[in-house]
Amino acid sequence: MAQDVAILDFGSSKITVLTGERGVNNTITVNGIGECEYAGFSDGEWFEPEQLTYVIGHAVANAETNSRTTIKHLYVGVPGEFTTAVCRDASVNFPRKKRITEADVDALHSQRDEFASLPDYTVINVQPVYYTLDDERRLIQPIGLNSTRLGGHISYILAENKFISFIGRIMDEIGIESVEYVSSLLAETLFLFDEIKRDRYVLLLDVGYITSSIVLARGDGILFQRTFSLGGGHVTGDLATALQISFTKAESLKRKVVLSLNVGEQDVYEVLSRDGTESYPAQMVNEIVTETVARLARTVNKCLSQCEYDFPDYIPLSLTGGGLSYIKGARDALSKQLGKPVEIVGPPLPQFSRPHLSSSLGLMDMVLNQQTPAREKGFFARLFGRQ
C-alpha cells in the first residue's frame, strides 16, 4: 500500500509543505498542502529568523489538517542559497576483469573526498554525472558490463551545517521526530528533465521572488550552481521606486505588463486600486521591467563565466520559478539579453504544470522515488535522491 510522504520547500517568499503519494502512471497525488508567506532569505541569511518556528509550524499544521494525517518524518529541501556543488573523479580497481555489480557502484560512491576544506558543510546528496570503465568509455549504466576498473565523475551536494542545525532545532520544537535534507535544485533538475536531455547537459534558471539560482547539470548530477539575490520582487521594487508608488500597486502593475507589445507614448497600463483606476505610461513601465530583466541576464552571464565546464552554446536556458515566468514577454526579453534561446519549463504533470511548483513537486518526486521498494525500481532509479 502506498504511504504518504511529506516535504518542506523553502521558497524565497513562501514556505510550502506537501504530503502525497505515487499515483497511477507514475503521477504524483498530493493529499495535503500547507503554505505560509514569510520574509525569506538573502545572501545566506534569514530576514526574520525569529519568525521561522511559527511559519514552519503553521505550514506543517495546515498540511496535516488537509491530509488528515500527522507528520512525523519530514524531508526538507535545502535551497541553493545554503548549498554548494562539488564534483570529484573517483575510481575502484579490481584484481581481474569482472562483471560490475550494484555493490561495486556503491563502493565507488563511498570513495568520496572527505571535504576537509569545507568543514562547515555536510554532504546531503551524491549523484553520478557519468561512469567510466577500463576502456575510458563514458556510461550512464555500468552494471552488468565487464571491466578491471570502475570510475566516475561524481557530483556531491553539500549543505551548510548552520542551516541543518538551525532548522533541526525548529523541527524539534514543532514535534517532527526525524528529518532528512535533500537539495532542492537537484530535485528540481532531475524532475524537470528526462535522462536524454540531461545526458546532453541542461542549463536551468530558477527565478524566485527574492533569490534566483542558475544550474548546469549533466547525467544525474549538478556540475555547477550559483545563487544570487535578484528575482520577481526586484521587478516590483524597481517599479515602485521609479514611479514612486506603493509596493502593493507596483505588484499589481507588474501583473499587467506585456513586454512584447509595441507600445506608443499614449498607451497606458491601468491598475484598479481603492482610489479608483490609476494609469501608468506603458513605455516607461516596459523600459523599467526590461532593464531589470537585463540586470538579471548580466548576473547570469557573470555566474556562468565562473563555470569551469565547457558546454555546447546551443543548449537553451530553461526558465522556471514564479519570479519571471509569468511576466508576458519576459522570456523573449531575457533571450535577447543573453543571446541564446530561453524556454519556460514546469512540472511534467498536466494538473501541476505551473513553473512556480517546480521546486515543491521536484522534492516530492525525488522522495517518492526514494521510497519505492528497490525490487520495483532497480539500482539507477534508487540513485534518484540518493544520500
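This is a predicted model: local features need pLDDT of at least 70, side-chain atom pairs count only at pLDDT 80 or more; totals for chains, interfaces and linings use all residues.
## Packing of H4 and H10

Two packed helices are described by the angle between their axes and the distance between the axes. For helix H4 (residues 184-192) and helix H10 (residues 358-371), the axes come within 8 Å and cross at roughly 85 degrees. An angle of 65 to 115 degrees counts as roughly perpendicular, so H4 is roughly perpendicular to H10.

On the H4 side, the contact is made by Ser184, Leu186, Ala187, Glu188, Leu190, Phe191 and Leu192. Their partners in H10 are Ser358, Ser359, Leu361, Gly362, Leu363, Asp365 and Met366. Sorted by class, the contact of H4 with H10 has 8 nonpolar, 4 polar and 2 charged residues.

## Aromatic pairs

The model has 11 aromatic pairs. One of them joins phenylalanine 10 and tryptophan 46, with ring centres 5.3 Å apart and planes at 55 degrees, so this pair is tilted. Phenylalanine 10 belongs to strand S1 (residues 5-10) and tryptophan 46 to strand S5 (residues 45-46); the pair links distant parts of the chain, 36 residues apart. Both phenylalanine 10 and tryptophan 46 are buried.

Tryptophan 46 also pairs with phenylalanine 82. Here the ring centres are 5.1 Å apart and the planes stand at 20 degrees, so the pair is stacked. Phenylalanine 82 sits in the loop between strand S6 (73-78) and strand S7 (83-99), while tryptophan 46 is in strand S5, so the pair ties together parts that are 36 residues apart in sequence. Tryptophan 46 counts as buried because its relative accessibility is 14%. Phenylalanine 82, at 1% relative accessibility, counts as buried.

## Charges over rings

Lysine 98 is placed over the face of phenylalanine 94, at 5.1 Å from the ring centre. Arginine 218 lies over the face of tyrosine 201, at 4.5 Å from the ring centre.

## Surroundings of threonine 83

Threonine 83 is located in strand S7. Its relative accessibility is 8%, so threonine 83 counts as buried. Leaving out residues up to four places away in sequence, threonine 83 touches Val78, Ile124, Ile157, Leu158, Ala159 and Gln225.

Serine 246 is 163 residues from threonine 83 along the chain, and the C-alpha atoms of the two residues are separated by 34 Å.

## Positive phi angles

Most residues other than glycine have a negative phi. Asparagine 26 has a phi near 65 degrees, a positive value in a residue other than glycine. Asparagine 26 is part of the loop between strand S2 (14-22) and strand S3 (28-37). The cut-off for exposed is over 50% relative accessible area, so asparagine 26, at 52% relative accessibility, counts as exposed.

Glutamate 136 has a phi near 70 degrees, again a positive value in a residue other than glycine. The loop that holds glutamate 136 runs between strand S8 (121-132) and strand S9 (138-139).

Definitions and conventions
Residues are numbered from 1 along each chain as its sequence is written. Side-chain values use heavy atoms; hydrogens and water are left out. Axes are lines fitted to C-alpha atoms, for helices over the stretch in contact, and angles run from 0 to 180 degrees between N-to-C directions. Helices (H or I, at least four residues) and strands (E, at least two) are DSSP runs, numbered from the N terminus. Angles under 35 degrees count as roughly parallel, over 145 as roughly antiparallel, 65 to 115 as roughly perpendicular and the rest as oblique. Contact means heavy atoms within 4.5 Å. Ala, Val, Leu, Ile, Met, Phe, Trp, Tyr, Cys and Pro count as nonpolar, Asp, Glu, Lys and Arg as charged, and the others, Gly among them, as polar. Rings of Phe, Tyr and Trp (its six-membered ring) pair if their centres lie within 6.5 Å; planes under 30 degrees apart count as stacked, over 60 as edge-to-face and the rest as tilted. Buried means under 20% relative accessible area, exposed over 50%, partly exposed in between (1.4 Å probe, protein chains only). A charge sits over a ring if NZ of Lys or CZ of Arg is within 6 Å of the ring centre and within 35 degrees of the ring normal.
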